[in-house]
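Visitor: Could you take me through one part of this model closely, beginning with a strand pairing and moving out to the helices around it?

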Amino acid sequence: MRVPLFVANWKMNKAVAETAEFVTQLSELLVAAPGKLGQDFEVLICPPSTHLSTLAAAVGSRPIEFGSQNCGTAKSGAFTGEISPVVLKELGCGWTLVGHSERRHIYLEDDALVLSRTRAALAEGLKVVLCVGEKLEERRADKTMQVVEAQLSILKGMSASEIERIVVAYEPVWAIGTGENATPEQAEAVHASIRKWYSAQLGNSAAESLRILYGGSVKPENAAQLLREADVDGFLVGGASLDPVVFSNVIKNGLESRAPGV
Ligand code: PGA
């Protein structure tokens, strides 16, 4: 049984002063969700790294997880502008995103760099959301799985205990921040192929327990249809994660679509 995971990716948005109120409101709103937070579903907030210590204090003992949007490749040293995985742990982070499409395409991070970030994060005990996804021209050229498999191939050779701490987020680049989400059928087709790739490359049990999140213009209006798909195990949400009411509706609508009898 894969516990649904909902990730808020704030990107470079919000003032530090907005952080605590967001956490308070979100926790209150999620009391009405079908299922128990931290048990039946998980929520992970990835704010800008400048907000992490404030977020940690706001979360306190609540069952809300938090993490970074990226992770440095070494513990410490001469790496201007990078974020140490050791300090992420010190701040209480359990997670980091790596390979987000904005990192790959605006900051030209390649698979080799995504791999060293992933390795550094795992070495400090962090869990990793590895983001993959094709550009519009690649989809049009029928190269979606070729691109996604190349991005996944950094996982080959990792140990079972490392693989266990990885979640994959499928985010078609053409759907991110555009308002145009992948259809549930398009998302399911890629998610099922990712699970198949996992099974062939990393074994059946890794494939069965892998959580595959969908990201790209997720909103309250499309959450139910998308989460109803068999291989969609949660969401990575950008724009719709900035407002606690909207984000909680993404979560509630998604979970309701799976509730027994619905
Ligand atoms: P979006 O962003 O929900 O605003 O499309 C998703 C993401 O980039 O993680």
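Guide: Let's start with Thr96, which stands opposite Val128 in E5. The two strands involved are E4 (residues 95–98) and E5 (residues 127–132), which run parallel and are joined by 4 bridges. Here two strands pair if DSSP finds at least two bridges between them, while helices (H or I, at least four residues) and strands (E, at least two) are DSSP runs, numbered from the N terminus. A word on the source: this is a predicted model, where local features need pLDDT of at least 70 and side-chain atom pairs count only at pLDDT 80 or more, whereas totals for chains, interfaces and linings use all residues. Residues are numbered from 1 along each chain as its sequence is written, and side-chain values use heavy atoms, with hydrogens and water left out.

Stepping back, 8 strands close into a barrel in the order E1-E2-E3-E4-E5-E6-E7-E8, with parallel pairing. On average, neighbouring strands of this sheet are turned by 25 degrees against each other, direction ignored.

Now to the helices. Axes are lines fitted to C-alpha atoms, for helices over the stretch in contact, and angles run from 0 to 180 degrees between N-to-C directions. The axes of H7 (residues 144–152) and H9 (residues 184–202) come within 11 Å and cross at roughly 45 degrees. That angle makes H7 oblique to H9; angles under 35 degrees count as roughly parallel, over 145 as roughly antiparallel, 65 to 115 as roughly perpendicular and the rest as oblique. H7 passes H9 in a right-handed crossing (left-handed if the near helix is turned anticlockwise from the far one by less than a right angle, right-handed if clockwise). Thr144, Met145, Val148, Glu149 and Leu152 of H7 make the contact with Val190, Ser193, Ile194 and Trp197 of H9, contact meaning heavy atoms within 4.5 Å. These residues divide into 6 nonpolar, 2 polar and 1 charged; Ala, Val, Leu, Ile, Met, Phe, Trp, Tyr, Cys and Pro count as nonpolar, Asp, Glu, Lys and Arg as charged, and the others, Gly among them, as polar. In the loop between H6 (136–140) and H7 lies Asp142, which has a positive phi of about 65 degrees although it is not a glycine.

Elsewhere, H12 (residues 244–256) packs with H1 (residues 19–30) at an angle of about 35 degrees, their axes 9 Å apart. H1 passes H12 in a right-handed crossing. From H1, Phe22, Gln25, Leu26, Leu29 and Leu30 meet Pro244, Val245, Phe247, Ser248, Ile251 and Lys252 in H12. By class, that contact has 8 nonpolar, 2 polar and 1 charged residues.

H12 also packs with H11 (residues 220–227), at about 30 degrees with the axes 7 Å apart. H11 and H12 are therefore roughly parallel to each other, and their crossing is right-handed. Pro220, Ala223, Ala224 and Leu227 in H11 meet Val246, Asn249, Val250, Asn253, Gly254 and Leu255 in H12. This contact has 7 nonpolar, 3 polar and no charged residues.

Finally, back to Phe22 of H1. Trp10 and Phe22 form an edge-to-face aromatic pair, 4.8 Å centre to centre with 80 degrees between the planes. Trp10 lies in the loop between E1 (5–9) and H1, and Phe22 in H1, so the pair ties together parts that are 12 residues apart in sequence. Rings of Phe, Tyr and Trp (its six-membered ring) pair if their centres lie within 6.5 Å; planes under 30 degrees apart count as stacked, over 60 as edge-to-face and the rest as tilted. Lys11 also lies in the loop between E1 and H1.
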